[in-house]
Amino acid sequence: MSAAALAAAGPLAATTTARAAARAPKVLVIGLDGALLNRIKDADAPNLDALMASGLTSVSPLYADPMAPTLSGPGWSTIITGVWPDKHRVKDNAFTGHAFAQYPDFLTRIETAKPGLSTYAVASWNPVTDTIFSAKVDTRVSTPEAEYDTGTTSRAVAELAGGNRDAVFVHLDNVDHAGHSHGAASKQYLDAIHGVDAQVGQLVAAVRGRATHGSEDWLIMITADHGHTDAGGHGGSSAAERQTFLIASGGPVTPGSTRYDIKMPDVAASALAHLGIAVDPAWGLDGRPLQQPVPDAFDALRPQLATRVDETGIGAAVLGFTHTPPAGWSIDNSAMGTGGVTEWRGWTFTTDEFWTSAERDQWRETNVRARNVFAVADGDEWVDKSFTGTFDSTLVGPAWPVTGGRTATLAYTTHYRQEAPQKGEVLVSYDGGTPAVVKTYTSDTVSKVESLTLQVPAGATTAQVRFRYTGGNNWFWAVDGVTLTPA
């Protein structure tokens, strides 16, 4: 990797590259269509269990309508391109109006950046290799239906054992088939996981049995495009249908670790990073390399998240909310009404699992660009119990250092749903002065990364950011990943 690429990729990538300088980086991504992580853990799946023990495991929630239903077309497109459906524009399994020319698959990006690398994709569900992966990939194989996962596995094993591929994608379908036919709660679904586990074992054995394996640095990633209901099927907004996961082993991964910050688009970004390809911001990827975690202040709150109080629709054992801010942050509830649902009284720090369980199909599921723990002001849920007054709460950030007379960049993810007279305001103050509004939300802004340029007054040394939400029986505002960077 060049010095410029190392700088762009980050310090962990530089350390990893130095450690593995003598070994050739290679990537294997295995897609298990319709597989649920909790059912993998219930099944007889020794190979997947071993990969979890030797690597990291992360549950990653999907979107739901109106962004896209939990179908294979949007799911695999998100994993393979590294962007969410609002960018790749795949809403179903017909792929009508897709934007793969603008957001190509990760193997195509590898071919563009390093044409000397060898890429290979094989799939039991043919749209993966016929449509999502482009003709720029060295070899695309759409397995004949009669061969199904057996043919997909044997072809991939042959390539991994005897070829010299640098990046390989393998799609296996039978777990999804069992889910549709028998449901995720069935013995047949567990049997299908046991069967695909054996196929994963064959693929991993092919990698480890290579004559050149000792001089290679393999990153193996296993993921799924969606989950399944107990009765069978997917496409809706239930937690089971929205469940995906990543198991990653090799490279710089910490054995036996659990992560909460990983999202589906990270698979593509992680593959690129492992192969020494720096992600260009101009690509507009939503994924970020798993090798380069970017924890924010809110994520540190996960150990203190509590179970439900008033929200009886949320599982009693689900950990997911706190009103206690992280160090340096505060919440001003001096104008906040009284009563209401405890969990949402003023700004709350929560998780996707907890928040989306409060009420489904109201766009909470489309808060896809927030990660791990994020902040929410939810007037809609707050008023579901007797209250007085209005929702008026302000989330106050720390005093960040700035340079007077220069610019600074305020960045954050925002997920805002509007109903009048609700309003969201971003305010900034300098050196403890009067806060001034720099951004106002009065219309829907769905899962967006904001970047605001601030003109710092001459002589100022600190800036403080406030997020004020006012409303009542309206909608909500979610914020995450807040940074303020001096020029």
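Here are some questions and answers about this predicted model.

Q: What radius of gyration does the protein chain have, and what would a compact globule of 487 residues have?
A: The secondary structure of the chain comes to 15 helices and 21 strands, and its C-alpha trace spans about 70 × 55 × 40 Å along the principal axes. For 487 residues, a compact globule would have a radius of gyration near 23 Å, and the chain agrees with that. The value for the protein chain is 23 Å.

Q: Is His-228 buried or exposed?
A: His-228 lies in the loop between strand 6 (216-223) and helix 12, and its C-alpha is 8.0 Å from that of His-180, although the two are 48 residues apart in sequence. A residue counts as buried under 20% relative accessible area. Because its relative accessible area is 0%, His-228 is buried.

Q: Which residue of strand 20 is the bridge partner of Tyr-430?
A: Strand 20 (residues 462-471) pairs in the antiparallel sense with strand 15 (residues 391-401) over nine bridges, and with strand 17 (residues 423-430) in the antiparallel sense over eight bridges. For Tyr-430, the bridge partner in strand 20 is Ala-463.

Q: What span does helix 11 reach from its first C-alpha to its last?
A: Helix 11 (residues 187-208) has 22 residues, and at 1.5 Å a residue the expected span is 32 Å. Its buried residues include Tyr-189, Asp-197 and Gln-199.

Q: Which element supplies the largest share of the lining of the largest pocket?
A: This pocket has a volume of about 1100 Å³ and is lined by 37 residues, with Leu-285, Asp-286, Gly-287, Arg-288 and Val-449 nearest its centre. By class, the lining divides into 19 nonpolar, seven polar and eleven charged residues. Helix 1 (3-9), strand 16 (407-417), strand 19 (445-455) and strand 21 (476-486) each supply at least two residues. The largest share, four residues, comes from strand 21.

Q: How many charged residues are in the lining of the second largest pocket?
A: About 830 Å³ of space lies in the second largest pocket. Its lining has 32 residues, and Val-59, Pro-61, Tyr-260, Arg-302 and Glu-353 lie nearest the centre. Among the elements giving two or more residues to this lining are helix 3 (37-42) and strand 2 (56-61). Its classes are 13 nonpolar, ten polar and, for charged residues, nine.

Q: Which peptide bond to Pro-421 is cis?
A: Most peptide bonds are trans. The loop between strand 2 and helix 5 (72-81) holds Pro-66, and the bond from Asp-65 to Pro-66 is cis with omega near 15°. Pro-421 sits in the loop between strand 16 and strand 17. With omega near 10°, the cis bond to Pro-421 is the one from Ala-420.

Q: What is the relative accessibility of Asn-372?
A: Phi of Asn-372 is near 60°, a positive value in a residue other than glycine, and this residue is found in the loop between helix 14 and strand 13 (374-378). Phe-95 also has a positive phi, of about 65°, and counts as buried at 6% relative accessibility. The cut-off for buried is under 20%. Asn-372 counts as buried because its relative accessibility is 14%.

Definitions and conventions:
Residues are numbered from 1 along each chain as its sequence is written. This is a predicted model: local features need pLDDT of at least 70, side-chain atom pairs count only at pLDDT 80 or more; totals for chains, interfaces and linings use all residues. Side-chain values use heavy atoms; hydrogens and water are left out. Two strands pair if DSSP finds at least two bridges between them. The expected span of a helix is 1.5 Å times one less than its number of residues. Buried means under 20% relative accessible area, exposed over 50%, partly exposed in between (1.4 Å probe, protein chains only). On a 1 Å grid over the protein atoms alone, a cavity is a set of points where a 1.4 Å probe fits but cannot get out, and a pocket is an open set with protein on both sides within 12 Å along at least five of seven lines; lining residues have an atom within 4 Å of a point. Grid points are joined across faces, edges and corners, and a volume is the space filled by probe spheres set on the points. Ala, Val, Leu, Ile, Met, Phe, Trp, Tyr, Cys and Pro count as nonpolar, Asp, Glu, Lys and Arg as charged, and the others, Gly among them, as polar. The radius of gyration is taken over C-alpha atoms; the globule rule is 2.2 Å times the number of residues to the power 0.38.
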